[in-house]
Each structure stands twice: as C-alpha cells, then as structure tokens.
Amino acid sequence: MSNSANRVGVIGAGMTRFVRRAKEAPGELAAKAVEMALDDAGLTINDIDAVCHGTAPDAFDGVHMKGEHLIAGSGGVNKPYSRHFVGGGTGVFSPIHGWMHVASGKFKNCLIVAEEKMSPCVPHPAGAFLTIFDHTTEQPLNLTLLHIFAIEMCRFMHKYGYTEEELARVSVICKKNALGHPAAQIAKETNVEEVMNSPLLSWPVKRLDISPTSDGAVAIVLANEEITRKHCKAPAYIDGVGFRLDTAYWCTRDLAYPEYVANAAGDAYRMADLSNPEKEIDFWEPYDPFDYKALHHMNGLLQDPTGKRVKELLLSGAFEKDGSHPLCPSGGALGVGNPIAATGLMKIAELYFQLTGQAGARQLQKTVQRGIAQAWGDLMQVGTVVIMNADKGTVSTSNKWKEMKKEDLPGTALKSAKDVPFIDYQPDIRYSWDNGMALTTYLEGFKAGKIRGSRCPSCKRMMIPARAFCEECNLKEVNDYFDLPDTGIIKTFTLSNVDWDSSMLGDGKVNIFAVIEIDGTQENMGLVHRLMEVDPKDVKVGMRVKAVWKPEKERTGSITDLDYFRPLLKSDATDVKPVRVKPVELDSVTAKSFPGKIPLDYRYTAGVAGVKFYEDLAQGKLTGTECSCCNTVHIPPTAFCEKCMVSLDSDGKAKELDPDKGKIVGFTVVTEDRSGEPLAKPEVMVQVGFEGATGTIFGKLETEDPSKVKTGMGVALQASRECGPNHLIFK
Amino acid sequence: MDVAVLGIGFCGSFPKSEGLSYRELIRRAAVMAYNDAGIEASQLEGAVSCEEDFVSGYSISDEYVPDQLGVQKKSVYTICGDLLHGLSSSVMQLKTGQFKLIAVSSYSKASNILTKNEVLNFAYDPVWNRFDVTPNYLAGIEMQQFVEKSKYSADDVAQVVSDSKAKGLSNSQAPYGANLSASDVLNARSVASPVTEPMIARPSDGAVVFVLGTEETAIKKARKPVFISGTGWSSGNSIIERRDHATSPGTANAAKMAFAEAGISNPNKDLDGIYVSDLYAHRCLMHLDAMEIEGGLNGKINPDGGSLSNGDLIEANGGARLYDAIAQLRDEAGSHQLSSPKRVAVQGWRGLPTDSCSVVVVDRERRIQS
Ligand SMILES: [Zn+2]
Ligand SMILES: [Zn+2]
C-alpha cells in the first residue's frame with residue numbers, strides 16, 4: 001500500500017450464531033461478539049481507542065438512530081464512536097471505516113462491530129423494504145426488495161444467457177461450504193433439483209435462491225502495523241479498499257452489470273498494487289444474498305462486462321471449495337445466514353481466518369496469500385470491497401477458531417417471540433414530501449395522462465422522472481419539460497407471487513413488474529411499473545408496451561394514475577414525438593407534497609437480561625446483574641457490563657434488590673403524550689436509584705400531588721405481570 | 001497534512017421549504033459550496049452524508065445521497081450522526097492519503113415529518129425507556145438535574161433563550177429570532193418541567209454542504225479556505241439509566257480530543273468564537289460546562305443565535321453552526337460578525353436521547369505545517 005500513513009491489520013474476531021430470531025436484545029448480540037473479538041485479540045475494552053459500528057436499516061431492529069442504541073453493547077461508552085451506513089454494503093464498509101480511523105494515524109486501534117436484528121419487524125422484515133424505494137415515484141406501486149432482485153436477476157440471465165439451473169449451483173456451493181461454519185443458520189448438503197423445486201416466489205427467484213433473514217452480530221479488532229506486529233498471533237492486513245455508490249435512479253442504468261462493484265474493485269486493486277487480480281487473489285467472498293448475485297458481483301470483481309470468464313469458472317467447477325477460484329468458502333449469506341451488515345463483516349472475518357490458518361473445517365487446501373470480500377446494497381447501487389493479505393508464512397498457533405463448534409458460539413434461537421416476555425409497538429410515522437418544481441411537473445403530467453420528462457441542455461438526456469438538474473452534468477440546471485410517448489420497451493421484469501410484505505398473493509395471482517424504457521428517451525431511461533392484459537408466460541424482454549390510464553376523474557397526480565402497461569397493439573400509434581410543455585409555476589396552491597409512511601409494526605423480545613427482570617417483576621422482585629470485574633450491580637440488568645465488556649450471567653448471578661427502597665434521583669412533570677398531544681392530566685416521570693446498585697430505573701410515579709415530588713424522595717417499584725416500560729410504575 | 005474547508009454552501013433555515021424537494025434543496029447548497037471552492041462536482045472523489053433513515057423517510061436513506069451532490073458512481077457513504085461526526089470521518093479519510101477532495105453534507109426536511117414526536121419516541125429503548133408520554137421527558141429530567149447540580153439556575157436557562165433569540169434578530173438566515181424576556185420563557189407552557197416550550201428549538205428545513213481538500217493547488221484555488229486543526233467526538237452511555245444527566249461526558253471527551261489535537265490549552269483564551277448545541281436551552285450551558293468554558297452564554301458564543309434562533313436542522317445542526325463559524329473566520333458574517341476571529345470551535349450534539357457529541361476546531365490560518 002503505497003500512500004497510506006499506516007498499514008492496518010486485523011488482530012481478532014468474534015461472532016454470534018446467526019439465527020432467525022434471537023432471544024438477545026440488539027445490544028446483547030453486539031456485546032457477545034465484542035467480548036469474543038477482544039478476547040481473540042488479547043485486549044480489553046480499555047485498550048480500545050475508538051469504536052465504529054455498521055448496521056443496516058433502523059427499520060429492522062425497530063429503533064430510530066439504532067447506532068446510538070447500540071453504543072453500550074458495542075463497547076462505545078465514553079469513546080469516539082460512530083456509525084457508518086451504506087445499506088446492504090455496510091458490513092464490508094465497516095472495516096473500511098475502521099481502516100480510516102487507523103490508517104489516518106488518528107487512532108492506534110479500532111473496534112469494528114456489525115449487528116443486525118431483523119426479527120422484531122412483523123409480520124416479516126421484508127416489509128421494511130417497501131420504503132427503500134422513492135417515496136413519491138415508486139412506493140405507490142407496493143414494491144419490495146424481492147421484486148427488484150428478481151428484476152435484476154431476469155436482466156442478468158437475459159444478458160449473459162444463464163439458466164436458472166446454472167445459477168442454482170451457487171446456492172448449492174454456499175450451503176455446502178457453510179456446513180463447516182459454526183455460526184451457520186441454513187447450512188446443508190443440497191443439489192440443483194432441490195433449489196429448482198423450492199417454492200417460486202417471484203420468477204425467476206425461488207425460495208432456495210435466497211439467503212434467509214437473520215439476527216446476529218460480528219466484531220473485529222483493527223490495529224496499526226506496530227501493534228499488529230507486536231501481537232503474538234498471525235495477523236492479516238487490509239491492503240486495498242474501495243467503495244462506490246451509483247445513482248438512486250435505478251431504472252436509469254442497465255442492471256445486468258454492476259459498474260459500481262467494478263469501480264470499487266478497481267480502487268482496491270490500485271491501492272493493493274495488484275496488476276492481475278484474478279491470479280493474485282486466492283479466494284473470493286462476493287456478497288451472495290441471492291445465488292445469481294455472487295456471479296453478478298464476480299463479473300464486477302473481475303471487471304468483465306462480457307461475463308464470459310465467470311460463466312466459464314462456474315461451469316468448470318472452479319468455484320468449488322477445492323477449485324481454482326474458491327467462492328464463498330465461509331458459506332456466505334446463502335449458507336451462514338444474512339443478518340445484513342453482520343454478514344459482510346462475517347466475510348471479512350473469513351478472510352482473516354483463512355489467511356491465518358484458523359478456518360478449521362473450511363480451511364482451503366491451497367496456500368492462501370490474498371483474499372477479497374465484497375458487499376453490495378441499496379437500490380442495486382453500492383459496492384464495497386476489501387482485499388486482505390497474509391503475512392507470509394505466519395500461521396496462527398491458536399486452535400480456538402479452528403475447533404469452534406456451533407455450541408461454542410453465543411446467540412439463543414427462539415421459535416417465537418411469544419416464548420419469552422415481549423413488547424408490541426406500533427410507531428405512527430407519517431410524512432408529506434415536498435415535490436418541488438420537477439416532481440410537481442412530473443406528477444401533474446400523470447394527472448393529465450402523460451409521461452413527462454425533462455431534458456438536460458448539456459448531455460441532452462431526456463430524463464424520467466423529470467429532474468430539475470442533471471446528476472451527470474455537474475448539477476446543471478434543467479428547464480425543458482416534455483410530454484413523452486406513453487409507449488416503451490420491456491428491459492427486464494418479474495412475475496411475482498408475493499406482495500410487498502412477503503405474504504403470498506395466493507389463488508394463482510401473479511403481479512408483473514417491469515422496467516420499461518420509454519420511447520422518446522434514450523437507452524436505459526425507464527421507469528418501473530405494472531404490466532397487465534398479458535399471459536405471464538408471454539412476457540419477454542424486448543416486448544413493446546403501451547400505458548393504460550385510469551379514467552381522468554380518478555387521477556390524483558400519482559404514478560398510479562397510469563394504471564398499468566399492456567402489450568402494444570398493431571392499431572396503437574407509434575409515431576408520437578415528445579412535446580415541450582410549460583413546467584408548473586409554484587405557488588402556495590400548486591406546490592404539492594406527496595404522502596409517505598413507514599407501515600411497520602414491531603414485536604421486541606425483552607432480551608436475555610430483560611426477560612429475567614420482567615419475570616422477576618411479575619413476582620414483585622427487583623433484580624440486577626452483577627459484574628465481578630468492576631464489582632457492580634447493574635440496573636436495569638444487562639447481560640453484559642458496558643464498562644468491562646464481559647458477559648454477565650443475568651440468571652445465575654442475578655442480585656436481588658429491595659423494590660421498596662427506591663430513591664428519586666430525577667423527575668419531570670409531562671403534559672403531552674408520545675405524539676405531542678396534550679395529556680388529560682399531567683404525569684410524573686421519575687428516575688429512581690436503589691441502594692447497592694449502579695444505575696436507575698425510569699418509570700411513572702403514581703402520586704396525588706406532582707408538586708410535592710422531590711429528589712431523594714423514597715418510592716417503591718410496583719409488581720407487574722406485563723412487560724415493557726409502561727408497566728414500570730412507582731408509588 | 002493540512003485539511004482545509006475549501007467551500008461552504010447553505011440553503012436555509014426555513015420553517016417550511018415547500019417549493020424545493022429535498023433533492024433540490026441539497027443541490028442548491030452543493031452548487032453554492034462547489035462554486036465557493038472553485039470546483040465542479042465531477043472533480044470530487046466522493047462524499048459523506050450525515051443522516052438517519054426515519055428522518056429521511058427511507059429504510060435505506062443513503063441510496064438517495066449521490067445525485068443531488070453530483071457524485072454518483074463515486075466513493076460515497078453515510079455517517080449516522082451530526083454533520084460534525086461526518087466531517088471528522090472525512091478528515092480521517094483524507095488523512096489516509098488515498099483521497100484528496102470530498103464533500104460533506106447534511107439536510108433537514110423537518111417540515112415534511114408529520115409525526116416528529118413519534119420519530120423521537122422511536123429512538124428510545126423499547127424494553128426500558130419508550131413510554132406513552134412525550135419523548136421530551138428526558139429533557140425535563142436532564143434540566144431538573146442540571147439546575148439542581150450545576151452552578152446554573154432555571155433563570156439562567158431561560159436567559160439563554162432570551163439572549164439567543166435576540167442574537168437571531170441580527171442574523172438574516174435565522175427564522176426564529178425574537179425579543180423574549182427570561183420571565184416570558186419561564187412562564188410559557190410547560191412541556192416536561194422545568195422545560196417550557198420556548199426552551200426547545202423549533203424544527204427547520206435546510207441543507208448544508210462543505211468541500212474538504214488537502215492539495216495545495218486546490219487550497220490556492222479556493223476563494224477563502226479555512227483549516228481544520230482539531231476533531232473530536234465521543235458518546236456517553238446509551239443506557240440512559242446509567243448516565244449522569246447533569247453533565248455531558250460526550251462533549252467533555254470530544255472537546256478534550258479536539259483541543260489536544262489543535263493545541264488548545266485554555267479554551268477560554270485560545271478561542272475567539274464558540275458554537276454549542278442549544279436544541280434545549282439547558283444543553284447550551286451543559287455543553288459549555290463540559291468544554292470548560294466559563295461565564296455562560298457571552299458575546300462570542302453562538303453569535304448566529306444558535307438552534308434556538310435558526311431552528312432544529314436535525315443532523316445538519318452542527319453544519320449550520322460550522323457554516324456560520326467559517327463565515328466569521330472569513331469576516332463574512334454580516335451584522336453578527338465577531339471582531340476578526342482567528343480560531344473557532346464548534347460543538348454538535350445529536351439530540352435526545354443521546355449524549356453523542358463532537359467538537360471541531362477551525363482556523364483562519366493554517367497551524368499545522370505540512
Ligand atoms: Zn446532463
Ligand atoms: Zn464491569
């Protein structure tokens with residue numbers, strides 16, 4: 001690495017099991033991974049200079065600003081702590097952000113944590129993906145992640161001529177490799193037939209083409225070269241990093257080839273000084289949330305838009321574990337599981353394990369000098385890449401990770417959240433988005449039965465949705481608006497059996513979503529919409545289609561004013577030319593906004609320590625957890641000590657306190673409810689300490705006279721059979 | 001290696017901004033910053049955005065970052081933090097030597113969020129801290145403990161509101177400047193005692209963009225570069241039951257780190273201007289305490305009127321203060337210009353329920369010799 005101030009090494013890793021639904025609260029999952037990583041690195045939390053956290057959407061864990069929520073569990077209390085975020089690409093960006101901390105010379109080391117708890121989101125975490133789409137121009141179509149994957153997979157198959165059977169091979173490889181991974185959620189010996197016969201979700205995607213939803217956490221420790229060298233165990237170095245983010249206008253590019261991955265890889269190769277990456281890299285951990293995705297990303301990593309080489313490698317068996325180009329030796333998202341950000345960091349951990357000879361049953365037979373990991377995310381949009389290098393000839397003498405078994409890893413799988421105390425919560429989150437000049441004009445077009453675009457004066461692109469500026473021409477002002485033909489050509493599509501919330505449509509119902517290149521624009525300028533009046537089996541890439549509009553009276557200024565597209569008929573006019581139109585003049589009447597909301601519900605498990613607390617509270621008991629490192633009893637109880645970052649036995653070492661001996665340390669009288677509406681009568685909220693314990697409990701105080709409340713006043717915590725903050729009542 | 005702020009852009013603050021989509025709002029600030037830096041968007045190697053999903057209204061907000069900054073296909077990422085957190089990250093990024101020119105941005109479309117209290121409530125721990133009362137309850141508990149334990153009284157807190165709003169009257173960008181006495185503030189409607197309504201910054205819309213660079217040629221080309229001589233950030237305990245609500249350790253640690261890096265031994269003497277987060281009036285004094293600044297809110301603190309006058313721009317708050325700080329260093333702050341400041345510190349806080357804070361020190365002249 002030529003120009004950087006410091007070379008950065010990985011000196012330890014830790015992880016939980018990946019499970020569909022964990023008993024642990026998000027912070028508890030993170031803390032388990034952190035404790036293992038610190039132990040692996042031979043450090044304590046006091047040795048750590050900085051902490052950074054990678055976690056994907058807040059919509060999964062169900063906590064706004066969840067990076068903040070995860071500070072304690074990540075060992076970040078009173079430390080420089082920050083959370084980075086690039087959607088599904090986050091996990092491989094995590095070590096890149098950590099690398100910035102250390103390579104800049106600002107810190108000697110950095111703890112990197114990635115946590116994801118997807119299970120609180122009900123009925124299914126997939127519902128969180130409705131709101132990744134543009135709130136104004138796409139969400140009204142009720143799309144979800146599965147749809148966009150299927151749409152991309154279809155385009156990928158079309159461009160590179162893959163069959164579904166060929167793609168299924170990747171799923172088979174990963175699930176098999178995962179048999180050797182202690183954290184694995186869905187490892188199994190399987191075959192192409194089984195993948196092909198699994199339920200069809202959204203053609204061409206079948207159940208076994210996809211990774212599962214998961215809860216889990218991973219942590220690694222990074223250090224500068226000096227510390228890494230002094231370290232007793234064999235290190236692996238981060239020698240190249242790259243990350244690129246493409247436009248959010250995902251219907252404005254050919255989805256077949258991930259240019260953003262190729263460019264991110266190019267950055268990493270330059271930094272690592274690789275001239276022939278295919279030869280110089282010994283194994284590959286591309287992101288594999290879907291089987292085709294691993295190949296799609298490999299095309300990017302090999303920077304080969306023709307896709308020939310990757311197909312050759314797949315068909316020749318080179319991607320098998322003992323092949324020339326081992327693919328996802330960890331078992332990947334398809335086998336180990338996919339707690340989004342934690343999956344990316346699991347792949348980084350795999351580079352570390354393989355390069356230091358600690359991969360145990362998964363250890364590649366050939367000598368490995370260099371490995372690459374990549375993650376992807378957002379709207380088919382972001383690529384993050386890390387290249388790691390082994391120190392020649394140093395192999396770890398520790399057998400810990402080599403012999404690690406499933407039962408050695410932390411993480412408790414639950415069948416149902418109802419098996420333990422849980423809390424239901426419905427956030428009421430609503431928006432009204434200012435459309436501004438361009439989108440107001442665009443949506444007024446739909447109301448008039450027109451697809452309306454705007455044309456950049458520099459690059460001359462005719463753009464839809466209409467934009468007020470060109471993202472490709474230095475933000476050039478765009479003032480020319482046009483009504484376009486309402487005909488176009490299908491670039492790619494999916495035949496879907498599932499709704500946005502992952503429920504099956506049933507009754508043989510199929511929703512067809514297609515990316516349609518609109519006539520009068522140029523190549524790769526389209527929009528996503530529904531297709532009807534066609535037998536699903538007749539839909540083809542390249543098919544000509546025409547818009548069907550709702551009756552004028554029913555139109556509201558939304559993309560759903562265009563009811564759907566149907567196949568173009570011979571009788572349809574095809575010689576329509578773009579017509580210049582006057583944009584909307586904005587005033588207090590015409591400036592409109594578009595409604596949005598987060599339509600999700602949550603069911604939280606109380607966490608390992610919380611379960612114990614609420615079970616005890618039901619019997620009128622107050623218990624804390626004891627840390628023998630710092631001799632402290634923590635309330636509320638936590639399954640870890642955030643000062644020492646060690647696990648606490650919240651069951652075995654629960655310390656009983658007297659619930660009647662509380663003292664108010666802080667209080668407030670509130671006049672509004674959680675939405676800001678006036679309360680019928682003021683409530684007193686108190687923070688209450690208990691003798692012999694560090695910490696307090698927040699709750700409501702039942703009192704006749706709020707004006708008499710003072711700090712130091714004695715109060716008693718009331719027993720409650722119900723779980724959750726609103727049942728923490730003091731008298 | 002010197003890291004310089006080469007260009008600044010700010011579109012705000014507005015109680016509402018219904019004529020501009022969030023993209024158009026951010027793009028306005030971006031073009032302003034790029035012009036100021038003497039660059040085109042295409043010269044940037046990437047950008048850092050500072051935002052959170054439920055504020056941006058998306059499950060994956062970082063998707064929508066690149067286009068309005070003109071950096072699509074570049075090295076772009078999001079920091080879920082105040083703009084000053086993102087700025088600190090971008091300084092590290094530049095100091096790796098692998099990058100030379102990047103933009104840092106944040107924005108607020110607070111007026112588009114119809115249920116702001118619900119969003120804030122959603123930030124609390126669902127198992128322990130999410131009640132069916134106003135999420136401002138923690139502000140009440142903080143202020144109650146602060147006035148009980150610190151040298152400041154509720155009157156002092158009310159005076160902060162009065163003074164800040166008065167300062168806002170000499171800042172043409174501040175929509176909430178006003179003449180308001182301390183007793184007006186104390187006698188206003190109570191939200192979470194002792195916090196009254198005027199002690200809470202009102203929501204605002206706005207976007208802020210900075211261009212950061214390291215190369216001498218770029219520094220020479222920029223109209224009026226300023227230099228970043230210290231960055232620090234830290235977070236107090238996220239388990240709010242075990243945090244001392246009368247203090248801000250996040251600020252104290254961040255200030256220590258930034259001041260040490262910038263060679264500041266006595267912030268009272270060494271700084272010509274200081275900006276601190278005053279999203280809640282008591283936090284203004286608490287943050288000054290944590291930075292060991294004496295004498296409360298005086299003339300050189302929050303000369304722009306702070307968030308109490310400019311409004312709560314969510315993650316862009318630190319950016320709005322930094323924008324004004326840089327304008328001060330350039331002698332371009334208009335009627336609220338300080339007298340030739342050379343060195344200014346800006347503190348940012350992420351708001352409730354956090355104690356996640358950052359401090360950045362900016363200089364008119366370069367201090368570190370490359
Ligand atoms: Zn253009
Ligand atoms: Zn401890």
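**Exercise 1.** Are A:Cys456 and A:Cys473 buried or exposed? Work out what they hold, too.

*Solution.* Both A:Cys456 and A:Cys473 are buried (under 20% relative accessible area, with exposed over 50% and partly exposed in between, 1.4 Å probe, protein chains only). A quick note before moving on: this is a predicted model, where local features need pLDDT of at least 70, side-chain atom pairs count only at pLDDT 80 or more, and totals for chains, interfaces and linings use all residues. Residues are numbered from 1 along each chain as its sequence is written, chains are lettered from A and ligands numbered from 1 in written order, and side-chain values use heavy atoms, leaving out hydrogens and water.

**Exercise 2.** Identify the geometry at the zinc ion (ligand 2).

*Solution.* Start with the protein donors: A:Cys627, A:Cys630, A:Cys641 and A:Cys644, each through SG, lie 2.2 to 2.3 Å from the zinc ion (ligand 2). Then check the angles: the four donor atoms subtend 105 to 114°, which makes the arrangement tetrahedral (four donors, all angles between 85 and 135 degrees). Last, the spacing of these donors is C-x2-C-x10-C-x2-C, and both A:Cys627 and A:Cys641 are buried.

How values were computed: Donors are N, O and S atoms within 2.8 Å of the metal (3.2 Å for Na, K and Ca); water is not among the atoms, so sites may look incomplete. Four donors count as tetrahedral if all angles lie between 85 and 135 degrees; four count as square planar and six as octahedral if opposite donors are over 155 degrees apart and all others between 65 and 115; anything else is irregular.
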